[in-house]
Amino acid sequence: MFECRRISNQKDYLDLMKFSFGITENWMRVASKHVGEIFNNDLRDPFGAYDGSTLAAEYLLLSLKMRLRDSVIPMGGIGNVCTSPLYRGKGAVKFLLQKSLETMREKGQAVSLLYPFSRSFYRKLGWEEFDTMLRAKFSPGSIDLPDQKVEVKIEEMEDADGEIREFYNEYASSHYSMILRDEEMWKSDFEFRTDYDVCKKFVKFKREGKTTGMLRYVFLYDNFDKDRGLKFVVTIFLADDVATRHAMFRFLKGLSLQIDQIHAFLPPDFLLF
């Protein structure tokens, strides 16, 4: 019934995405700009399941790299999986994802990652769940640290500069299951802001002139989590050494007069403090 091919019509791609993810008009302006860049990017491939000339379902294939065991290998990232309301329950997404495995094999991508809307659905197609993050919630005032003996310089910025990007990818190249970020990922991370965001910042930590740590945080009104309200969320927390990690926690501890709880996404084996 369906045919898989690369999507060429940006409006069709956007219309399906808008309906499926409930994108508002304010966000559509950003999404339209982003989609225009995707369609001209060799490392981003929007594929669709077509019923004749009708786009029934779509997904975006990202050609990335990740650390797995002892090597950095090509990885296929799956995103923006959605279906037309006319084709729900008719196997369009299943067909498309089965085809995606063939496409990734042709590209030499040995592994694929995605964030599932249904674990059982993707497991039947060959994906399996594994832990990549520890979600922690703690009060900044509860952080107990030794006296600072090493000078660590701290800089806060709106976007990740070259030093942060280089540090992140070097770190990702040597740590299990981390994905290396390309320029498009950094750009999207900077441009995509919601009406609920208060601020979104990167913080760089340096010792003796070298970047040894970084964190990214988002301060936002969360209308999706069960704990609704204003939240401070640390989405990236990476440090090369203990002194830098202490400096990073000291930065978070300094927020105690304004922030009641910090929500942090950390590596699964991370020892907090």
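## Elements and overall build

Helices and strands are DSSP runs, at least four residues long for a helix and at least two for a strand, and they are numbered from the N terminus. In this predicted model, the protein chain holds seven helices and twelve strands. Its radius of gyration is 21 Å, close to the 19 Å that the globule rule gives for 273 residues, so the chain is as compact as a globular protein of that length.

Along the principal axes, the C-alpha trace spans about 70 × 40 × 35 Å. Of the 273 residues, 47% count as buried, and among contacts with a separation of 6 or more, 67% join residues 24 or more positions apart.

Tyrosine 196 lies in the loop between helix 6 and strand 9, the latter covering residues 197-207. With a relative accessible area of 40%, tyrosine 196 is partly exposed, and together with Val198, Tyr221 and Leu230 it makes a nonpolar surface patch of about 380 Å². The protein chain as a whole exposes about 15,200 Å², of which carbon and sulfur atoms supply 51%.

## Glutamate 184, a buried charge

Glutamate 184 belongs to helix 6, which runs over residues 183-191. This glutamate is buried yet has no salt bridge, and the nearest side chain of opposite charge, that of arginine 44, is 5.4 Å away; a salt bridge would require a side-chain nitrogen of Lys or Arg within 4 Å of a carboxyl oxygen. Leaving aside neighbours within four places in sequence, glutamate 184 is in contact with His34, Glu37, Asn41 and Arg44.

Terms used. Residues numbered from 1 in each chain as written. Predicted model: local features only at pLDDT ≥ 70, side-chain atom pairs only at ≥ 80, totals over all residues. Heavy atoms only, no water. Buried < 20%, exposed > 50% of the residue type's maximum accessible area, 1.4 Å probe, protein only. Lys, Arg positive; Asp, Glu negative; His and termini not counted. Contact = heavy atoms within 4.5 Å. Patch = residues over 30% accessible without salt bridge, like charges linked within 9 Å, V, L, I, M, F, W, Y side chains within 5 Å. Areas by Shrake-Rupley, 256 points an atom, 1.4 Å probe, with all protein chains shown as cover. Rg over C-alpha atoms; globule rule 2.2 N^0.38 Å.
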